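Here are my notes after going through the model you sent over.

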Amino acid sequence: MKGLFFLLLFMQLLAASIAVYKQWIPNTNFENASNWDKDRIPCANDVVLFKSNQVISVFVQSTHSLADMYLPLNGEFIMAPGAGFAAFDGSWDPGCDTASAVSFTDAEKYKWHDPALWHAATSLEDLDQGKYIFAVDEERVPCQYDDVIFQPETSFRVNIDSSEQMIHLRSISIMGQKFTSDVALAEYMPTSSAKLQFHGNGTFQVTNAGCPDKSGCECGNAGKHRQICAALLGDSGTRCPALACKDPFQPVGHCCEICGATISLEYTPGFDIRQYQNRILHAFLSLPKYAGVQMAISKVRKPQTSRNAVPVIQIVLMDDKTGSQTGTNAEQLAEDIIRDITVHGDSFGIVTGTVQVATGSNSNGEGGTIAGTVIGLLLGVLLLGIMLFLHWKGMIRLPSVHLAGLWNRKKDQDVVAGPSDKGFDNPIFDTPTNRAESHGACSGEEALKEMASKDSGIYFVNPLYDETELIA
């Protein structure tokens, strides 16, 4: 029995070590300015309007004086101690000189499967301090082993329509009450408050069970991928941001393509996902040069593989660089991690790792610069050839001093090397000729006349090649 007790304790500690807390962000509180069409809390001169058919639960934290208020037919006000409403007595209220009709906005738009409406943290302390974790979109929505929290002293309304109907959770906390079993939650869901807070066809299943595998567990939202992305991007799916990198890629479980890097790890049964996550956090992400890099690590199943395929550990890396530097820090970190796996991978139970990278440095901007330079050089050479040809035809005139130097070198080559010399001087890089050696050299005009007297009526000498080669 004692051994069984310690085994159960170990399993609970293991589950606690890999728990993730997901906190719902929107609320329908009276004191939340974003819940009102004027983007401010109603004041004493205002008339407060709720639509008659509005289904709503509203938490009121303090006392408010109002000129008038129209209430919904199906709703509730949850009053904090000392909170309430009073009729405006006509006294002066600073900042509320003009009476207005202020309407409570529609809360039906908030969807459970919208990743943008959740915060995630690995502890309640981190959640309170705003230390949220980065994750792919599927895993930003509560996963099957997550603890879900609706903050105390907040009201809310959320659409729980689900493509798979059943929503699996470890636990759910509502108005300060934590539900860890289906029995307790089943007693709460039929209440009037629950009906105002939740609507849609979804059903919760609460297990109070953590992930039993130290290598990690799949989130369980893969079957809801389309629903999650539709909630995040809209049904058209056209809200993905424009990216500054070439060939961006889409990590498993994410709705949009990204710039950065992913590493896919194959592992042995001894792999511990939290131990390896801590390795990356302390060995790499703690370094100042990686301060702007975000990392998500989880177990996923590649979509192109069969359902029975072995899952992999996916590490997603993104950084805060922009322009041509986009993704370069993530790429550098991925390289460092792969080098570390080469040396220490066996001790962590890692078999192999593969990397996919997309950065701004391999975008079209750099390729365009290189292409422009090459084209410029080719055009320069072509222009030089055209000028020499036009000079030979007599259509343009070049300074004779350069041509004299050219023919002087040609004569020197004939004397020194003879007809069989295949060498040539580059006319682009001229060298001064000894005046004694060049005595009797012909001018540019005489050289052209000599060229014209050759046997062939179309014959000319290309100064870039040896004349003896052309004769041969």
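1. Let's start with Thr-154: in this predicted model, its relative accessible area is 12%, and the cut-off for buried is under 20%, so Thr-154 counts as buried. You'll find Thr-154 in the loop that runs between β10 (147–149) and β11 (158–159). Its side chain reaches the backbone oxygen of Gln-151, at 2.5 Å. Setting aside neighbours within four places in sequence, Thr-154 is in contact with Asn-27, Asn-29, Phe-59 and Met-175.

2. Next, the aromatics. The structure has 21 aromatic pairs. One of them is Phe-30 with Phe-85, an edge-to-face pair with 5.3 Å from centre to centre and 65° between the planes. This pair ties together distant parts of the chain, 55 residues apart: Phe-30 sits in the loop between β1 (21–24) and β2, while Phe-85 belongs to strand β7 (residues 84–87).

3. Another pair to look at is Phe-179 with Tyr-188, which is tilted: the centres are 5.3 Å apart, with 40° between the planes. Both Phe-179 and Tyr-188 are buried. There is also an aromatic cluster, made up of Trp-24, Trp-112, Trp-118, Phe-150, Phe-156, Phe-198 and Phe-204.

4. On to the packing. The largest nonpolar core has 41 residues, and Trp-112, Phe-150, Ile-172, Phe-198 and Phe-204 have the most contacts inside it. Which elements give two or more residues to this core? They are β3 (55–60), β12 (166–169), β13 (171–174), α4 (182–188), β16 (203–206) and α6 (225–233). β3 gives the most, with 4 residues.

5. Not counting residues up to four places away in sequence, Ile-172 touches Val-148, Phe-150, Gln-177, Lys-178, Phe-179, Leu-185, Phe-198, Phe-204 and Val-206. Apart from this core lies another one, of 24 residues, including Ile-263, Ile-297, Ala-334 and Ile-341.

6. A few words on α6. Ile-228, Cys-229, Ala-231 and Leu-233 are buried in this helix. Part of what covers the buried residues of α6 is α3 (137–140). After α6 comes Gly-234, which has a positive phi, near 90°.

7. Finally, a sheet. It is open, has 3 strands in the order β5-β2-β8, and its pairing is parallel. Why is one side of β5 (68–70) and of β8 (101–103) left without a neighbour in the sheet? These two strands stand at the edges, and each has a single partner strand, so one side of each has no neighbour there. On average, neighbouring strands are turned by 20° against each other, direction ignored.

8. To look at the pairing in that sheet, take β2 (residues 47–49) and β8: the two run parallel and are joined by 3 bridges.

Key:
Residues numbered from 1 in each chain as written. Predicted model: local features only at pLDDT ≥ 70, side-chain atom pairs only at ≥ 80, totals over all residues. Heavy atoms only, no water. Core = buried A, V, L, I, M, F, W, Y, C linked by side-chain atoms within 4.5 Å. Buried < 20%, exposed > 50% of the residue type's maximum accessible area, 1.4 Å probe, protein only. Contact = heavy atoms within 4.5 Å. Pairing = 2+ DSSP bridges. Axes fitted to C-alpha atoms, helices over the stretch in contact; angles between N-to-C directions. Polar contact = N/O pair within 3.5 Å; in protein donor to acceptor, adjacent residues only side chain to side chain. Phe/Tyr/Trp six-rings, centres within 6.5 Å; stacked < 30°, edge-to-face > 60°.
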